[in-house]
Amino acid sequence: MGAPGIYHEGSRAVQDRAGVRDLADHVGRAVGAGIKPVAAAFLELQPLLVVGAAAPDTGRVWASALAGRPGFVRATGPHRMSVTGRLRPGDPLEGALATDGTPVATIALDPRTRRRMRLNGELRPTEAGFAVTAERVFANCPKYIQRRESYELLPERSAGNPRHGNELTEAQRAFVASADTFFLATAHDGHAEVSHRGGLPGFVRADSARALSWQDYAGNVMFLTLGNLAVDPRAGLLFLDWTTGTTLQVTGEGRTEFTADGERRVRFTVSEVTETPGAVPLRWSAPEPSPANPPVRA
């Protein structure tokens with residue numbers, strides 16, 4: 001798949017504003033529809049997969065986490081990824097992952113090696129979980145990934161009762177402010193994206209109970225996520241406590257502000273929040289901050 005085919009008007013508008021259209025065309029040539037052997041080998045080593053999609057009943061965009069013993073995610077063909085397992089009952093994307101033909105985006109991120117791989121396509125439910133027919137497969141650079149050397153799989157950990165709300169509590173705002181990582185799902189025109197954002201704690205600001213913001217750091221210049229937001233503001237955020245497995249899922253709308261000096265800040269308005277204690281049965285070691293993390297601005 002050539003670079004022009006992966007970009008729509010939103011991505012092109014952001015690329016042009018940043019003056020990187022030609023570079024984006026070059027980078028975009030690395031996006032393909034097939035799962036190469038090195039990508040298949042990477043998937044089979046991962047205990048964590050993040051999925052982004054729009055909920056079929058509400059249209060709201062969410063990001064959710066699945067975890068399991070390595071091998072629960074695997075390539076079962078050159079254009080097919082299969083996942084064994086399902087989301088917990090009541091997860092905002094439970095219906096999406098049980099609906100044939102749902103456009104989904106996935107990202108497998110390995111903190112041990114600071115590698116990440118994205119695979120987007122069309123979902124088919126299976127007896128064991130679901131499969132995705134790959135339409136876009138590509139790797140991202142290791143920038144802003146905090147290294148975590150090891151993890152434990154805790155099958156005895158069970159998810160607590162989810163807490164729902166329409167705004168962030170004080171404790172949830174503190175959770176956001178302490179985060180060094182989150183995942184960002186977007187959608188547009190029958191396609192979904194899910195990407196990683198990382199930085200030093202404080203790089204995401206909880207400006208109020210209904211508002212979050214973060215500086216958009218320099219990345220791969222494709223602007224697939226910001227391009228979606230430029231034409232469709234729906235978005236979902238996933239924050240993960242890497243020790244307790246608690247997840248904080250937030251859905252709402254995002255918009256990008258451009259400053260005179262060329263920087264970008266995303267402002268996110270909260271519509272709905274789901275916090276689930278112990279949702280992910282993984283406990284990771286303490287983080288080693290990425291050397292690419294910029295200082296946090298006040």
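Select F268 first: this residue is buried, with a relative accessible area of 2% (buried means under 20% relative accessible area, exposed over 50%, partly exposed in between, with a 1.4 Å probe and protein chains only). The model is predicted, so local features need pLDDT of at least 70 and side-chain atom pairs count only at pLDDT 80 or more, while totals for chains, interfaces and linings use all residues. Residues are numbered from 1 along each chain as its sequence is written, and side-chain values use heavy atoms, with hydrogens and water left out.

W214 and F268 form a tilted aromatic pair, 6.5 Å centre to centre with 35° between the planes. Rings of Phe, Tyr and Trp (its six-membered ring) pair if their centres lie within 6.5 Å; planes under 30 degrees apart count as stacked, over 60 as edge-to-face and the rest as tilted. The pair links distant parts of the chain: W214 is in strand β13 (residues 211–215) and F268 in strand β16 (residues 264–276), 54 residues apart. Helices (H or I, at least four residues) and strands (E, at least two) are DSSP runs, numbered from the N terminus.

Y144 is found in the loop between β7 (129–140) and β8 (151–153). Its phi is positive, about 70°, although Y144 is not a glycine. Y144 counts as buried, at 11% relative accessibility.

Now go to D189, in the loop between β10 (181–188) and β11 (191–198). D189 is not a glycine either, and has a positive phi of about 55°. Is D189 buried or exposed? At 64% relative accessibility, D189 counts as exposed.

Next, select strand β14 (residues 234–240). Six of its seven residues are buried. β10 and β14 run antiparallel and are joined by four bridges; two strands pair if DSSP finds at least two bridges between them. T186 has A235 in β14 as its bridge partner. β14 is also joined to strand β15 (residues 247–258) by seven bridges, again antiparallel, and L237 stands opposite V250 in β15. β14 and β15 form a hairpin with six residues between them, and G245 in the turn has a positive phi of about 80°.

For the next stop, show the open sheet of seven strands in the order β2-β1-β5-β6-β7-β4-β3, with antiparallel pairing. Its edge strands are β2 (61–67) and β3 (73–77), each pairing on one side only. Neighbouring strands of this sheet are turned by 35° against each other on average, direction ignored (axes are lines fitted to C-alpha atoms, for helices over the stretch in contact, and angles run from 0 to 180 degrees between N-to-C directions). G77 stands opposite R80 in β4.

Finish at Q15, in helix α1 (residues 9–18). Q15 counts as buried, at 0% relative accessibility. Its side chain makes a polar contact with the side chain of R12 (2.9 Å), and reaches the backbone oxygen of M222 at 2.9 Å. A polar contact is a pair of N or O atoms within 3.5 Å; within protein, one must be able to donate a hydrogen and the other to accept it, and residues adjacent in sequence count only if both atoms are side-chain atoms. Leaving aside neighbours within four places in sequence, Q15 is in contact (heavy atoms within 4.5 Å) with Y7, V20, R21, A24, V221, M222 and F223.
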